[in-house]
Amino acid sequence: MIRRRYTTILWIVALLIVIMGCSPKPEFDRKAVLAASEQAAVPSLPEDYDTDTEQVRHLSWGKINYFPQEITVKAGKKVKLVGDTARLQGCFRSFTIPDLDVNGQFTESNNVLEFTPSQPGTFGFGCSMGMGNGFLKVE
């Protein structure tokens with residue numbers, strides 16, 4: 001009786017092993033998962049544009065830093081930097097370009113910083129805590 005019970009259990013276990021081994025396994029496409037993750041990390045921003053009097057540039061949060069990390073503008077023309085407050089959080093809303101004496105906060109009620117770079121050069125920008133950074137290239 002006991003031997004019969006063990007034999008039955010062994011047959012059931014063997015049958016389960018066969019069934020599970022023959023079942024199609026879910027595919028894990030590592031490349032697709034990484035590509036989707038990369039795509040989610042890059043925000044979709046409105047198009048940057050210039051008018052006769054100003055240059056409008058957009059700034060957001062990318063993978064682990066500001067996006068874009070390099071912004072190009074022309075010297076002597078007002079820059080309107082529009083912060084993406086849906087993605088910029090914490091200290092990344094407190095923005096500074098120390099060499100140009102630009103400091104400001106991106107908030108829901110005012111997400112635009114305005115300044116006019118007077119000289120060409122490459123200037124570092126970042127958050128107030130120095131965690132995020134990038135470069136403003138003035139031509």
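This report describes the strands, the nonpolar core and several individual residues of a predicted model.

## The open sheet

Five strands make up an open sheet, arranged in the order β4-β10-β9-β6-β7, and their pairing is mixed. At the edges lie β4 and β7 (102–105), each of which pairs on one side only. On average, neighbouring strands of this sheet are turned by 20° against each other, direction ignored.

The strands β6 and β7 run antiparallel and are joined by 4 bridges. Here I97 stands opposite V102 in β7.

## The pairing of β5 with β8

An antiparallel arrangement is also found for β5 and β8, which 4 bridges join. Across this pair, V79 is placed opposite F115 in β8.

The side chains of β8 alternate along the strand.

## The nonpolar core

The largest nonpolar core contains 21 residues. Those with the most contacts inside this core are L59, Y66, L81, F95, I97, F125 and L136.

Two or more residues of the core come from each of β4 (70–73), β5, β6, β8 (112–115), β9 (121–127) and β10 (133–138). The strand that gives the most is β9, with 3 residues.

## A buried arginine

R93 belongs to the loop between β5 (78–83) and β6 (94–97). Is R93 buried or exposed? Its relative accessibility is 12%, which is under the 20% limit, so R93 counts as buried.

The side chain of R93 makes a polar contact with the side chain of E108, at 2.8 Å. Apart from its neighbours within four places in sequence, R93 is in contact with T85, L88, G104, Q105, F106, T107 and E108.

Most residues other than glycine have a negative phi, and most peptide bonds are trans. Two places in this model depart from these patterns, as described below.

The peptide bond from F67 to P68 is cis, with omega near -5°. P68 lies in the loop between β3 (66–67) and β4.

D101 is not a glycine, yet it has a positive phi of about 55°. This residue, D101, is located in the loop between β6 and β7. With a relative accessible area of 65%, which is over the 50% limit, D101 is exposed.

How values were computed:
Residues numbered from 1 in each chain as written. Predicted model: local features only at pLDDT ≥ 70, side-chain atom pairs only at ≥ 80, totals over all residues. Heavy atoms only, no water. Buried < 20%, exposed > 50% of the residue type's maximum accessible area, 1.4 Å probe, protein only. Polar contact = N/O pair within 3.5 Å; in protein donor to acceptor, adjacent residues only side chain to side chain. Contact = heavy atoms within 4.5 Å. Core = buried A, V, L, I, M, F, W, Y, C linked by side-chain atoms within 4.5 Å. Pairing = 2+ DSSP bridges. Axes fitted to C-alpha atoms, helices over the stretch in contact; angles between N-to-C directions.
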